[in-house]
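Please examine the sequence and the structure shown below. The paragraphs that follow lead through its helices, its aromatic pairs and its surface.

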Amino acid sequence: MTRNSLNGLIDLALAGLMLGLLLTGLGMAYVLPAGTGHSATLWGLSRHGWGEVHLWMSYTVVVLVGLHLAVHWGWVLITARRGVWPAAKGCPSLGTKVVTGLGAAALVIVFVLSLGWWATESVIHNERGEGWRHEVGVVQTDAQDLHADNEQRPRRRAWGEGQRSR
């Protein structure tokens, strides 16, 4: 397979997946909005099922973008070098392409892993284990707000509680 054929297949797959991401995202936002849960389905999948499809399509897009960059890595290096040294001419050597490609991949992996670690460390669960609250902002779930309100208010009697039987 030639480089141009490979590039064409990658680009075609990316275009199809991007269209799929757009359609599944719009479907989850407007056709099966939040709150529909498992009660409503579209073509046999609930909102959560479409969320899984959306997630796996996004993973595939990330892999294909990496392949796309790998196919065009020489152009990326030439363009970057011209931005730093406008008088630079010629194509970088294979060794330069490999070393910079592996370095860039390592930086992306470290960034993604660091971001994932930071995100998991930033989530705080309330005392009941319900919902979440972020350290930086004051974002709380409705359950937490209700719990806080109930602690400040006197307890209301349930219907029938404390009434005499006749």
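Asparagine 7 is in contact (heavy atoms within 4.5 Å) with His68, Val71 and His72, leaving aside its neighbours within four places in sequence. This is a predicted model, in which local features need pLDDT of at least 70 and side-chain atom pairs count only at pLDDT 80 or more, while totals for chains, interfaces and linings use all residues. Residues are numbered from 1 along each chain as its sequence is written, and side-chain values use heavy atoms, with hydrogens and water left out.

Asparagine 7 lies in helix H1; helices are DSSP runs of H or I with at least four residues, numbered from the N terminus. Asparagine 7 counts as buried because its relative accessibility is 15%; buried means under 20% relative accessible area, exposed over 50%, and partly exposed in between, with a 1.4 Å probe and protein chains only. The buried residues of H1 also include Ile10, Leu14, Leu17, Gly20, Leu21, Thr24, Gly27 and Met28. These buried residues of H1 pack against H2.

How far apart are the end C-alpha atoms of H1? They are 40 Å apart, which agrees with the 42 Å that its 29 residues should span at 1.5 Å a residue. The expected span is 1.5 Å times one less than the number of residues.

Together with Leu19, Leu22, Leu23, Tyr30 and Val31, Leu26 forms a nonpolar patch on the surface, with about 640 Å² of accessible area together. Such a patch is made of residues with over 30% relative accessible area and no salt bridge, nonpolar side chains (Val, Leu, Ile, Met, Phe, Trp, Tyr) being joined within 5 Å. A salt bridge is a side-chain nitrogen of Lys or Arg within 4 Å of a carboxyl oxygen of Asp or Glu. Accessible areas come from the Shrake-Rupley method with a 1.4 Å probe.

The aromatic rings come next. A search of the whole structure finds two aromatic pairs, with ring centres of Phe, Tyr or Trp (its six-membered ring) within 6.5 Å; planes under 30 degrees apart count as stacked, over 60 as edge-to-face and the rest as tilted. Tryptophan 43 and tryptophan 50 form an edge-to-face pair, 6.2 Å centre to centre with 70 degrees between the planes. Tryptophan 43 is exposed at 76%, whereas tryptophan 50 is buried at 17%. Tryptophan 56 and tyrosine 59 form an edge-to-face pair at 5.1 Å and 85 degrees. Both lie in helix H2 (residues 47-71), three residues apart, about one turn of the helix.

Notes. Patches are made of residues with over 30% relative accessible area and no salt bridge: like charges are joined within 9 Å, nonpolar side chains (Val, Leu, Ile, Met, Phe, Trp, Tyr) within 5 Å. Helices (H or I, at least four residues) and strands (E, at least two) are DSSP runs, numbered from the N terminus.
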